Every structure is written in C-alpha cells, then in structure tokens.
Amino acid sequence: MKIFVRVLIIFGLLLLMAAIFGIYYVQRTAPQTDGNVELSAMDSDAEVYFDNFGIPHIYAETAEDAYRSLGYVHAQDRLFQMELVRRVGKGTLSEVLGADMIETDAFFRTLGTHRQAAQDAARFERLPDSLRTKVMAYLEGVNAFAEKGPLPIEFTLTQIEPEPFTIEDVYATAAYMAYSFAYALRTDPIVEHITQHLDSAYLLGLDLAFAEKDTAR
C-alpha cells in the first residue's frame, strides 16, 4: 500500500511539474501586449494599443514605422499561420510536414502559383517607391519578430526553423489567397439568383447567416 501511495505522489508531482512548465511556456510565447520592444529599423517611436478584443491600434509618426509595427504584431499573433500559408502558395508544405502534403504541393505547383510569385517578385522594383517602402517596412517588422521571438509553440512541435519572409513570399501568399477566395466567384452568383428569384428559405440548408432573416413574402 505504501508503495502505491508513493507512486501516486510521484505521478501527481510529475503532472504538477508538467502543468507548471506548460503554463510557463504558453505565457512565455504569448503575444506581448504591453511593455517596450526595440526594433533597429524604426525611424521613430510608435505606440501599439491593444483593445479589449486584442485588436492592435497603431500610432506612428511615419507610414513606414506604422507598417513595421504592423508586421511585428502580425507576426507575433500569426507567424506559424503565415509560415504555412506561404508554403502552400509556393508548394513546399511537404518539406516540413512530410509526405502527406505532397498531393497538396503538387496541386499548387501544377497551378503555378510559385512561378507566378517568382515572376511578380522580379517585377517588384518597378512599383512606385511609396508602395515598395511600405511593403519592405512591413517585412522588416515580420522578420524582426521571427528573429527575436519568442516563436509560437507550433514551431517547437513541428521543428520548423522559420526563414526570413521575402517579397516572393508576399506574392505566394497572395496567390494562395486569390485561389481560396475565387470559390466565391462561382457560388455567389448562384446564391444571389436563388435569393432574388426563388426565396432565401432555399438557402437555409446552406447554413448562410443572411438566410436567417424573415423569408415571408
């Protein structure tokens, strides 16, 4: 009986230590919403205020500093998602997530989103200076967080080492998002036709929010 009690005590202590470590790790990697952060690329101070919903409000003296701040807070909230999305657009998910992603990579490589991203990135220098400086400032903020961290726990679990985000990554992300949003180009006209010529009650089975309105005619 004594041995059994000791085993329970040891097991309980191990669980407690694991819980303490987990809480500490999550808190350490949680987005920073107060205090000061130094970014070498900043031209002047900027202030980021997080409201009760966690939405950042950025105040800066220049547009470039505002975009640097945006890149930083965007990365501290979404860096792992950003990592996966750029890999979807470039067809390189299987490099970090294994053979299960080969089919997905093959699909987007067949679409040519990686080739289009490379071509668009090669033409980036032709864009107006006012636009290019803001995009580069945003990337500076993203990469500042990726370098300084702390990285989200997903990077530890997947053993992914984030590489600096580039202009090509911006276009690859945009290419994937354009593909994902394009679905609405096929469905929205059908939904609108049903609403206007039949009745929105027909949309209830599609679980669309605007179908909840009064359908009486």
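**Salt bridges and burial**

Modeller: Start with E95, which counts as exposed at 60% relative accessibility; buried means under 20% relative accessible area, exposed over 50%, and partly exposed in between (1.4 Å probe, protein chains only). This is a predicted model, in which local features need pLDDT of at least 70, side-chain atom pairs count only at pLDDT 80 or more, and totals for chains, interfaces and linings use all residues. Residues are numbered from 1 along each chain as its sequence is written, and side-chain values use heavy atoms, with hydrogens and water left out.

Biologist: Which side chain does E95 meet in a salt bridge?

Modeller: Side chains of opposite charge can pair when their charged atoms come close. The cut-off is a side-chain nitrogen of Lys or Arg within 4 Å of a carboxyl oxygen of Asp or Glu. Here E95 pairs with R87 at 3.3 Å, N to O. R87 is buried, at 11% relative accessible area.

Biologist: How many salt bridges does the rule give?

Modeller: The count is 11. Among them is the pair D129 and R132, whose closest N and O atoms are 2.1 Å apart. These residues are separated by about one helical turn, because they stand three residues apart in helix 6; helices (H or I, at least four residues) are DSSP runs, numbered from the N terminus. R132 is buried, at 16%.

Biologist: Is R123 buried or partly exposed?

Modeller: R123 is partly exposed, at 34% relative accessibility. Its side chain meets that of D120 in a salt bridge of 2.6 Å, N to O.

Key. Helix = DSSP H or I, 4+ residues; strand = E, 2+ residues; numbered from the N terminus.
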